[in-house]
Structures are given as C-alpha cells and as structure tokens.
Amino acid sequence: QVQLMESGGGSVQAGGSLRLSCVASGITYTKACMAWFRQFPGKEREGVAAIDSDGSANYADSVKGRFTISRDNAKNTLYLQMNSLKPEDSATYYCAADLFRVVPGCYSGADYGMDYWGQGTLVTISS
C-alpha cells in the first residue's frame with residue numbers, strides 16, 4: 001500500500017531552522033506533484049509549498065523567502081527546509097502527493113488534488 005512518512009519535526013526557538021523529510025513507499029513519484037501542508041489546532045489545513053516533476057516550486061506568501069521545498073526522486077523523498085522560523089509557524093505539517101494529476105498544475109493550496117497524505121509531524125516554535 002502507498003504510504004508517506006514525515007519526519008524531522010520538533011521544538012526550536014524563533015529564528016531557528018528545521019528540515020522536514022517525507023519518504024514514500026509503495027510508489028515512485030517521479031512525475032507526481034509533491035506538496036507540504038500544515039494545520040493549526042482547530043483549523044483547516046493550509047498549503048505551504050508545492051514542487052512539480054520538473055522541479056518548479058511555489059510557496060504560500062507567509063513562508064516565501066524562508067522555506068525551501070525540494071525533492072530527491074532517486075530516494076523517493078521530499079524535503080522542506082524551514083529557516084527563520086516564527087511562533088506562528090507552529091503546526092502539524094503534512095506531506096502530500098498528487099500522483100494521478102487529474103487537477104492541472106501543482107500549487108501549494110490545491111489540497112483537493114492530493115491523492116495521498118502522510119500522518120503528520122509536529123513543529124513547535126517558541127518565542
């Protein structure tokens with residue numbers, strides 16, 4: 001069965017950095033749109049960043065310039081480098097994959113187009 005597994009979450013002070021990873025099993029997503037989402041307690045999840053099969057990426061305005069999404073297709077792994085972290089970045093972060101590409105494009109907010117989701121990893125930023 002296809003599974004996405006996130007790791008790298010934790011607790012850091014404001015201004016610090018974290019690197020999240022997402023490893024896929026049961027699938028090779030070379031052509032997939034891969035994305036990161038986050039969810040605050042009691043809120044709906046929101047898009048953070050997305051990266052297409054050709055490496056092109058886009059970001060939510062709130063993280064632009066601070067976060068970088070990347071992928072290693074040989075390792076079936078997705079990454080999110082998070083720098084200059086702020087307390088408002090505290091959330092559960094989810095990895096997602098759009099394999100079937102029914103929805104055109106690859107955009108950070110297109111959660112409706114995602115076919116698979118990870119279990120989430122918690123990120124806590126203290127001030």
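This is a predicted model: local features need pLDDT of at least 70, side-chain atom pairs count only at pLDDT 80 or more; totals for chains, interfaces and linings use all residues.
I'm counting a residue as buried when its relative accessible area is under 20%.

**Entry 1: strand S4**

I started with S4, which covers residues 33-39. The strand is mostly covered, with six of its seven residues buried. Then I looked up its partners. On one pairing, S4 and S9 run antiparallel over seven bridges, and there Cys33 sits opposite Asp98 of S9. S4 also pairs with S5 (residues 46-51), again antiparallel, through five bridges. In that pairing I found Trp36 facing Ala49 of S5. S4 and S5 make a hairpin with six residues between them, and Gly42 in the turn has a positive phi of about 75°.

**Entry 2: the disulfides**

How many disulfides does the structure hold? I find two. Counting bonded cysteines along the chain, the pattern is 1-3, 2-4.

I took Cys22 and Cys95 to begin with; their sulfur atoms are 2.0 Å apart. The torsion about the S-S bond is about -75°, so I noted this disulfide as left-handed. Cys22 is in strand S3 (residues 18-25) and Cys95 in strand S9 (residues 91-98), so the bond ties together parts that lie 73 residues apart in sequence. Are these two cysteines buried or exposed? Cys22 has a relative accessible area of 0%, so I put it down as buried. Cys95 is buried too, since its relative accessibility is 0%.

Next came Cys33 and Cys106, whose sulfur atoms are 2.0 Å apart. Here the angle about the S-S bond is 80°, and the link is right-handed. Cys33 belongs to S4, while Cys106 is in the loop between S9 and strand S10 (116-117), and the two are 73 residues apart. With a relative accessible area of 1%, Cys33 is buried. Cys106 comes out at 6%, so it counts as buried as well.

**Entry 3: the cavity**

I searched the whole structure for cavities of 30 Å³ or more and got one.

**Entry 4: Ser108**

I stayed with the loop between S9 and S10, where Ser108 is placed. Ser108 has a relative accessible area of 11%, so I call it buried. Leaving out residues up to four places away in sequence, I listed what Ser108 touches: Phe37, Gly47, Val48, Ala49, Ala50, Asn58, Tyr59 and Ala60. Ala49 is a name I already had, as the residue opposite Trp36.

**Entry 5: the four-strand sheet**

Last, I traced an open sheet of four strands in the order S1-S3-S8-S7, with antiparallel pairing. Which strands stand at the edges? They are S1 (3-7) and S7 (67-72); each has a single partner strand, so one side of each has no neighbour in the sheet. From one strand to the next the twist averages 15°. S1 and S3 pair in the antiparallel sense through five bridges, and Gln3 stands opposite Ser25 in S3. S3 is also the strand that holds Cys22.

Terms used. Residues are numbered from 1 along each chain as its sequence is written. Side-chain values use heavy atoms; hydrogens and water are left out. A disulfide is a pair of cysteine sulfur atoms within 2.5 Å. Buried means under 20% relative accessible area, exposed over 50%, partly exposed in between (1.4 Å probe, protein chains only). Two strands pair if DSSP finds at least two bridges between them. Axes are lines fitted to C-alpha atoms, for helices over the stretch in contact, and angles run from 0 to 180 degrees between N-to-C directions. Contact means heavy atoms within 4.5 Å. On a 1 Å grid over the protein atoms alone, a cavity is a set of points where a 1.4 Å probe fits but cannot get out, and a pocket is an open set with protein on both sides within 12 Å along at least five of seven lines; lining residues have an atom within 4 Å of a point. Grid points are joined across faces, edges and corners, and a volume is the space filled by probe spheres set on the points.
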